[in-house]
Amino acid sequence: MNFKEAHWRELGLWPHWVARAPTREPIPAGADWAVLRQLVKDCQRCPLHQGRRQTVFGVGDERARWLFVGEGPGAEEDQRGEPFVGSAGRLLDQMLLGLGLKRDQDVYIANVVKCRPPQNRTPTDAECNACLPYLHRQIVMIQPKIIVALGKVAAHALLKTSGTLGALRLHQHFYGDIPLVVTWHPAYLLRTPSDKARAWEDLCRARQIMVSQCTPRGDNADKAPA
Ligand code: URA
């Protein structure tokens, strides 16, 4: 009998009162979009679920070639249930427009954590790790041609690396075999507009990678010539 158990027995609380670890069932390998959405909606894997109004699953084209990954929902996202709908989101929309993209056409937008951290603080490593299996499954289903990590939290979580954003953005990365470009989070760019030009360079690099590796989905690119 360990100390805790003996203590609870003495208080007459054993064996009825058992401290439970949060459920961390693995995501079923075959989980489809509907199953995954429901799992996220019901999720209690970390304490962030206690303060959320609703979960913010992700939005866009489920067969998109472009995947943009942010950190976690803020107040407006928590209220509307959609990622990047606040001021940072408006800048992200402009960045997409610059690339000739729209958030629901060939683009999917998701976050590392699906619940709003209190006072919009940075999610902890434990919170990111608890939530990451959802993002991993989203990536498996979307099969994007390129991932753009928006900010340090997304870059660290997806690349399992540390390092400053300034250093990470200068290198070409891969998530599995998917090219991954790191750039600044739009919220940072709102505070530091002088870095917008360099963020644009990152996005142009991402576009170049995209152009060099694929043609639009749905054409005959995979067919052998007759
Ligand atoms: N910041 C993020 O990282 N994600 C959002 O959805 C909104 C703001």
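Start with the largest pocket, whose volume is about 640 Å³. A pocket here is an open set of points on a 1 Å grid over the protein atoms alone, with protein on both sides within 12 Å along at least five of seven lines. A volume is the space filled by probe spheres set on the points, which are joined across faces, edges and corners. The model is predicted: local features need pLDDT of at least 70 and side-chain atom pairs pLDDT 80 or more, while totals for chains, interfaces and linings use all residues. Residues are numbered from 1 along each chain as its sequence is written, and side-chain values use heavy atoms, without hydrogens and water.

Select E71, G72, H185, A187 and R191. These lie nearest the centre of the largest pocket, out of 29 lining residues, where lining means an atom within 4 Å of a point. Now colour α3 (75–80), α4 (87–98), α6 (152–159) and α8 (186–191): each gives two or more residues to this lining. The largest share, four residues, comes from α8. Helices are DSSP runs (H or I, at least four residues), numbered from the N terminus.

Next, show the ligand. It sits in the largest pocket, meaning that more than half of its atoms lie within 2 Å of the pocket's grid points. Around the ligand, select G70, E71, G72, E77, P83, F84, N111 and H185, each with a heavy atom within 4 Å of it.

Zoom in on the polar contacts (pairs of N or O atoms within 3.5 Å). A backbone N or O atom of G72 is 3.0 Å from a ligand nitrogen. A polar side-chain atom of N111 is 2.8 Å from a nitrogen atom of the ligand. At H185, a side-chain N or O atom lies 2.7 Å from a ligand oxygen. The ligand alone exposes 230 Å², and the protein buries 91% of that (Shrake-Rupley method, 1.4 Å probe).

Move to the second largest pocket, of about 200 Å³. Its lining includes T122, P123, D125, H156 and K160. Here α5 and α6 each give two or more residues, with the largest share, four residues, from α5.

Finish at the largest cavity, about 90 Å³ in volume. In a cavity, a 1.4 Å probe fits but cannot get out. Select C43, C46, C115, C131 and Y134, the closest to its centre among 14 lining residues. Helix α5 (residues 125–142) provides the largest share of the cavity lining, three residues.

Notes:
Polar contact = N/O pair within 3.5 Å; in protein donor to acceptor, adjacent residues only side chain to side chain.
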